[in-house]
Amino acid sequence: MRVRSAAALLALLLLIGGAGYYFLRVKPLYNLMKQGLDIKGGVRLVLEGVDTPEAKVTRDAMQRAMDVIEYRVNKLGVSEPNIQLEGDRRIIVELADVPNVEQARQVIGKTALLKFVDPDGNTVLTGKDLVKAQVIQTGQGRTEFGVSLELSPEGTKKFADATTKFVGRQIAIYLDEDVISAPVVNEPIPSGRAQITGNFTAESAKQLADLLNGGALPVKLNIIENRTVSATLGRTALALSLRAGLIGLGLVAAYMVLFYRVPGLLADFALVLYLLLTLGVLYGIGAVLTLPGIAGIVLSLGMAVDANVLIFERVKDELRRGTGLRSAIDAGFKRAFSAILDSNVTTVVAAAVLYWLGTGPIRGFGLTLGLGVLISMFTAITFSRWLLKLAVGTGWFGPKTLFGAHGMTIQREVTA
């Protein structure tokens, strides 16, 4: 029993230590992650709404145009863009992982104006009349595809008039001057819900739906400013932040060892595992590293330490009562669990609200904080406990040094 516990404990510690050294020092995970505008820099575009005969610039139209641009940018996987309205006519777009202005223009796409044109050349609908387009399955075997359209109330009336007038003829859909579809009207459509059917594959139907959604700018936009911007904080700030974080982590690790001895040392290994898991998950889901995101990681790291302190203090309370080691560990974890759960759940709820309602770096902070807290609960409650029981099973540690419990009378239930 002692040999197996010792072998398992040493193997785990070596594995965590080696992984920590490799992924935090040799090939840091944070260097592999996408980095935000505050760290990496990028480009800044200012787009201004322009009145046209088909669509006038309004606050609501600009808000919808901003949503469309955000949809395009997010669909192309651009890292945590910063998109916001300035006044009633301008939209500011800042993109982090786009190296030059021309590429940014390509990312956003043409400032297209979507319009439906009847056979007489008159514009029937514009992008402001289209609520959304989506792929649908048609036919008896549900193996054919099409695109459904949902129109606004105003668009519904205009489209009903046009489809009543032009039954059997085409109403072409233009994106700027390019025809992207020219469906034939089979019957009047008064409901505001229409379907475009034909020889669509799943891919071509999705492409048309994306063009309609992505090109459905409710007003015409002109780019009036475009320039490359440097990192708002820069790599120097990142390096200083990481160095401060490592120093803080080192001080915390030393504190844990000083006050809790062997359990503190094992908790330090659990914290290394926590860091690796958190960075690994963030890298796996394609999260963007920003300084607010780093702050979220550091804050959740502090909560992980706090959870270990709560547990070890409860264990010491049990030892003061004369409880044996294994029983004290079980009771300590059990008594601390409710306090840890309450504090972590409230933090996760707050992080979820930040992620849900926030934008840009605020969402990144909510994401890293929420994930970090969840992972810290696992490492503090499950992994630390496992390591501690393995350590007790080795029989290596004397009762007065095991928990920094000098002067206490500790009963050892497991010595062999």
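Helix α8 spans residues 234-284 and contains R261, where helices are DSSP runs (H or I, at least four residues) numbered from the N terminus. Although R261 is not a glycine, its phi is positive, at about 55°. R261 is partly exposed, with a relative accessible area of 31%, a label that covers values between buried (under 20%) and exposed (over 50%), found with a 1.4 Å probe on protein chains only.

This is a predicted model, in which local features need pLDDT of at least 70 and side-chain atom pairs count only at pLDDT 80 or more, while totals for chains, interfaces and linings use all residues. Residues are numbered from 1 along each chain as its sequence is written, and side-chain values use heavy atoms, leaving out hydrogens and water.

A nonpolar core is a set of buried Ala, Val, Leu, Ile, Met, Phe, Trp, Tyr and Cys residues joined through side-chain atoms within 4.5 Å, and two such cores are listed here.

| Core | Size | Some members |
|---|---|---|
| Largest core | 52 residues | L9, L266, I311, F312, L387 |
| Second, separate core | 23 residues | L114, A133, A205, L212 |

Leaving aside residues up to four places away in sequence, L266 touches L9, L13, L387, L388 and A391, contact meaning heavy atoms within 4.5 Å.

Helix α1 (residues 2-26) and helix α11 (residues 361-394) have axes that come within 7 Å and cross at roughly 135°. The residues of their contact divide into eleven nonpolar, three polar and one charged.

Key. Axes are lines fitted to C-alpha atoms, for helices over the stretch in contact, and angles run from 0 to 180 degrees between N-to-C directions. Helices (H or I, at least four residues) and strands (E, at least two) are DSSP runs, numbered from the N terminus. Ala, Val, Leu, Ile, Met, Phe, Trp, Tyr, Cys and Pro count as nonpolar, Asp, Glu, Lys and Arg as charged, and the others, Gly among them, as polar.
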